Amino acid sequence: MDIGGDVAPGFEPVRDAFVANFARGAELGAAAAIFKDGVKIVDVWGGVADKDTGAPWNDDTLQLVFSTTKGATAACAALLMQRGLLDVDAPVAEYWPEFKAEGKDRIPVRWLLCHRAGLPALDEPLTPEQVCAWDPVVDALAAQKPWWEPGTKHGYHAFTYGHLVGEVVRRISGKSLGQFFAEEIANPIGAEFFIGLPQSEEHRVTKLVQGAPPAGNVAMTDDIKELVAGIMDPTSLISHTFNFAKPALDLDSPAVHAAEIPAANGICTARGLARFYASLIGEVDGVRVLDPSTVATVTTEQSNGKDEVLRKITRFALGFMLDGPDVPYFGSGSFGHDGAGGSLGFADPESGIAFGYVMNQMNQGINADPRPHAIIQALKGCLS
C-alpha cells in the first residue's frame, strides 16, 4: 500500500494507525490531516479513489463528507453572530418572515442550530431536483408544521438543518450558504472545502462505496432496536427524516455535487477540513475565523438527552456536536461534526488540535467509526 504525505517528527504513530486501517481491510481510499496551534503536523492519504477504474487517491482528491458539512454551516451562523448581524435568540421569522406559518412565529434561531425546532422532516418527500434547487426546500420548511412542540425536545435534523440555517444566513447576508462559506471562510483561510462544487473540480471527487453491514455480534440495544423499527416503518418520524428525497439523492452525481445541500453534501480534502477547524480556534497563516468568546458561545451545550430521531443520547451546541460516549473527539472542550460513513472533523481549543478525516468506503456501523478514532488514539499517545 502506497501512502502519500508526511508527518512531523514524533507523530509517526499517527501514520501507522492510518496505515493499519488499510491493512485490516477497513479502507478503500482515505486521507487524514491534523493541525496543532495552526500548524500542519499530519497530512496523509492513500488507497483508491475510484474502485471501478482503480484511480489512486492523490494529495488533491476531494471527498463528499455528508453531515460533517454541518460544522461548516454552523460556522457561517457563528460568524454572523460575531459580527453582530445575527441574534440567535431572535425569532427566525424576524429574518425569514414566511417561516412564521403553522405557529412557528416564536421559534428562535437558536433552536434551528441545536435541533430543537421540531422540523427534521417534511410531511411529503421532495424530488432530487427540488432538493437541489433550494427554493422548493425552504418553501416547504416555511409551510411545515413542527413534529413536536418546538423547544421541548431535540431530534437530529439530518437533511433540513442545512436549509433552515442556510436560509437565515442568506436572508441576512444576501449570499447563499455555499457562497458565504466560500467567500468569508474557506477562501480566506485557503481551505479546499466546498458547499456547491464548481464544475472545474468535479474530476477530483471520489466515487462512494458502501461498506459491509455491521458484524452479527453488534449488541442490539433497546435504542438500536427502536431505531431499526422506526426506519422500517414508513409512517415514523425517523423514516420521514431519512427519506427526505424520493427517489434518494445520487450522491455520486455531479448535479448533487454542484447543488448546495448544507447539511449533507460538503466536499473537501482532509487537509481542508482540518484547516477549517484550525481556523476556528486559532490563526492559520495569520487568519482566524472565530474569536475565543464566539467559540465559547457556540460550543456551550444546548441539547443533551435522548434524540427524537436517532433514538439515542446526543449532545449539541449551536450547530456543533460535543464530545461524548458516542462522539469521542479529544476531550470535554472539543467540538465538531461527523458524517454518515465515517468522515469526521473537530477542534479542541485546549490542546490546539484540529482534525480532519475523509474516506470513500462507507462504514454502515451505528456507533462511532473505529477508523478515525484509531488515528485519534494514536495522536493522544504522541501528545501524552
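The following conversation looks at how several features of this predicted model were assigned.

Visitor: What should I know about the model before we start?
Guide: This is a predicted model, in which local features need pLDDT of at least 70 and side-chain atom pairs count only at pLDDT 80 or more, while totals for chains, interfaces and linings use all residues. Residues are numbered from 1 along each chain as its sequence is written, and side-chain values use heavy atoms, with hydrogens and water left out.

Visitor: Why is Gln-144 called buried?
Guide: Buried means under 20% relative accessible area, exposed over 50%, and partly exposed in between, with a 1.4 Å probe and protein chains only; Gln-144 has a relative accessible area of 5%, so the residue is buried. Gln-144 is placed in the loop between α6 (135–143) and α7 (160–173), where helices (H or I, at least four residues) and strands (E, at least two) are DSSP runs numbered from the N terminus.

Visitor: What is Gln-144 in contact with, leaving aside its neighbours within four places in sequence?
Guide: Taking contact as heavy atoms within 4.5 Å, the partners of Gln-144 beyond those neighbours are Glu-102, Lys-104, Leu-119, Ala-121, Leu-122 and Asp-123.

Visitor: What makes Lys-104 sit over the ring of Phe-99?
Guide: A charge sits over a ring if NZ of Lys or CZ of Arg is within 6 Å of the ring centre and within 35 degrees of the ring normal; the charged end of Lys-104 is placed over the ring of Phe-99, 5.0 Å from its centre. The charged end of Lys-380 likewise sits over the ring of Phe-330, 5.5 Å from its centre.

Visitor: Why is the pair of Phe-159 and Phe-244 called stacked?
Guide: Rings of Phe, Tyr and Trp (its six-membered ring) pair if their centres lie within 6.5 Å, and planes under 30 degrees apart count as stacked, over 60 as edge-to-face and the rest as tilted. The whole structure holds 14 aromatic pairs; in this one the centres are 5.5 Å apart and the planes at 5°, so the pair is stacked. Phe-159 lies in the loop between α6 and α7 and Phe-244 in the loop between α10 (237–242) and α11 (254–258), so the pair ties together parts that are 85 residues apart in sequence.

Visitor: What makes the pair of Phe-193 and Phe-276 edge-to-face?
Guide: The ring centres of Phe-193 and Phe-276 are 5.8 Å apart with their planes at 85°, so this pair is edge-to-face. Phe-193 is in strand β6 (residues 193–194) and Phe-276 in helix α12 (residues 270–281), 83 residues apart. Phe-193, at 2% relative accessibility, counts as buried, and so does Phe-276, with a relative accessible area of 1%.

Visitor: How do you know that the span of α12 agrees with expectation?
Guide: The expected span of a helix is 1.5 Å times one less than its number of residues; for the twelve residues of α12 this should give 16 Å, and the end C-alpha atoms are 17 Å apart, which agrees.

Visitor: Why is α12 called largely enclosed?
Guide: Eleven of its twelve residues are buried, so α12 is largely enclosed by the rest of the structure. Among the buried residues are Gly-272, Arg-275 and Tyr-277.
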